[in-house]
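Visitor: I have a single chain to go through. Please take me through the model, with the cut-offs behind each term.

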Amino acid sequence: VWKNLGHETSITFAAFPICNESYLVESSFEYPISINGKTKFNLELELRLSKEDVEKAVLANEQMIKFLDDKAAKKVIVVPGKIVNVVV
């Protein structure tokens, strides 16, 4: 198989791949969004956002607006990198 891929020498002499740790760093997270403790949808946001920015992004999302149905959120609980819970 190695020769059919176009290599002339044996796989024994091939260079081992080098690990580049910059490819292992995640920049976004898909937050599960819960309303009154029940998960309704997921929303992908940047991990570098603060709690306040995550809260603003969730409350401005069109799916959240549909679920709130002109009701005000009493409390928004944000656990960075884990979950967002909105209490109505």
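This is a predicted model: local features need pLDDT of at least 70, side-chain atom pairs count only at pLDDT 80 or more; totals for chains, interfaces and linings use all residues.

Visitor: In which order do the elements run from the N terminus on?
Guide: Helices (H or I, at least four residues) and strands (E, at least two) are DSSP runs, numbered from the N terminus. The chain has 2 helices and 4 strands. Their order is β-β-α-α-β-β.

Visitor: Why is the chain described as more spread out than a compact globule?
Guide: The radius of gyration is taken over C-alpha atoms, and the globule rule is 2.2 Å times the number of residues to the power 0.38. For 88 residues the rule gives 12 Å, and the chain is well over that, so it is more spread out than a compact globule; its radius of gyration is 22 Å. Along the principal axes, the C-alpha atoms fill a box of roughly 70 × 25 × 20 Å.

Visitor: Where does C19 lie, and how far is its C-alpha atom from that of V58?
Guide: C19 lies in the segment before β1 (28-35). Buried means under 20% relative accessible area, exposed over 50%, and partly exposed in between (1.4 Å probe, protein chains only). C19 counts as exposed because its relative accessibility is 59%. C19 and V58 are 39 residues apart along the chain, and their C-alpha atoms are separated by 36 Å.

Visitor: Which strands stand at the edges of the sheet?
Guide: Two strands pair if DSSP finds at least two bridges between them. The 4 strands form an open sheet with mixed pairing, in the order β2-β1-β4-β3. One side of each edge strand is left without a neighbour in the sheet because each has a single partner strand; these are β2 and β3.

Visitor: How many bridges join β1 to β4?
Guide: β1 and β2 run antiparallel and are joined by 8 bridges, with E30 partnered by E44 in β2. β3 and β4 also run antiparallel, over 5 bridges, and V78 has V84 as its partner in β4. The number of bridges between β1 and β4 is 3.

Visitor: Which residue in the β3 and β4 hairpin turn has a positive phi?
Guide: In the hairpin of β1 and β2, 2 residues lie between the strands and N36 has a positive phi near 55 degrees, although N36 is not a glycine. The hairpin of β3 and β4 has 3 residues between its strands. The residue in that turn with a positive phi, about 75 degrees, is G81.

Visitor: Which residues have the most contacts inside the largest nonpolar core?
Guide: A nonpolar core is a set of buried Ala, Val, Leu, Ile, Met, Phe, Trp, Tyr and Cys residues joined through side-chain atoms within 4.5 Å. The largest one has 14 residues, and those with the most contacts inside it are I33, V54, V58, M64 and V84. The elements giving two or more residues to this core are β1, β2 (38-46), α1, α2, β3 (75-79) and β4 (83-87).

Visitor: Which residues does V58 contact beyond its neighbours within four places in sequence?
Guide: Contact means heavy atoms within 4.5 Å. With those neighbours left aside, the partners of V58 are I33, L43, L45, M64, V84 and V86.

Visitor: Is N61 buried or exposed?
Guide: N61 sits in the loop between α1 (51-60) and α2 (62-68). Not counting residues up to four places away in sequence, N61 touches F41 and L43. Its relative accessible area is 16%, so N61 is buried.

Methods: Residues are numbered from 1 along each chain as its sequence is written. Side-chain values use heavy atoms; hydrogens and water are left out.
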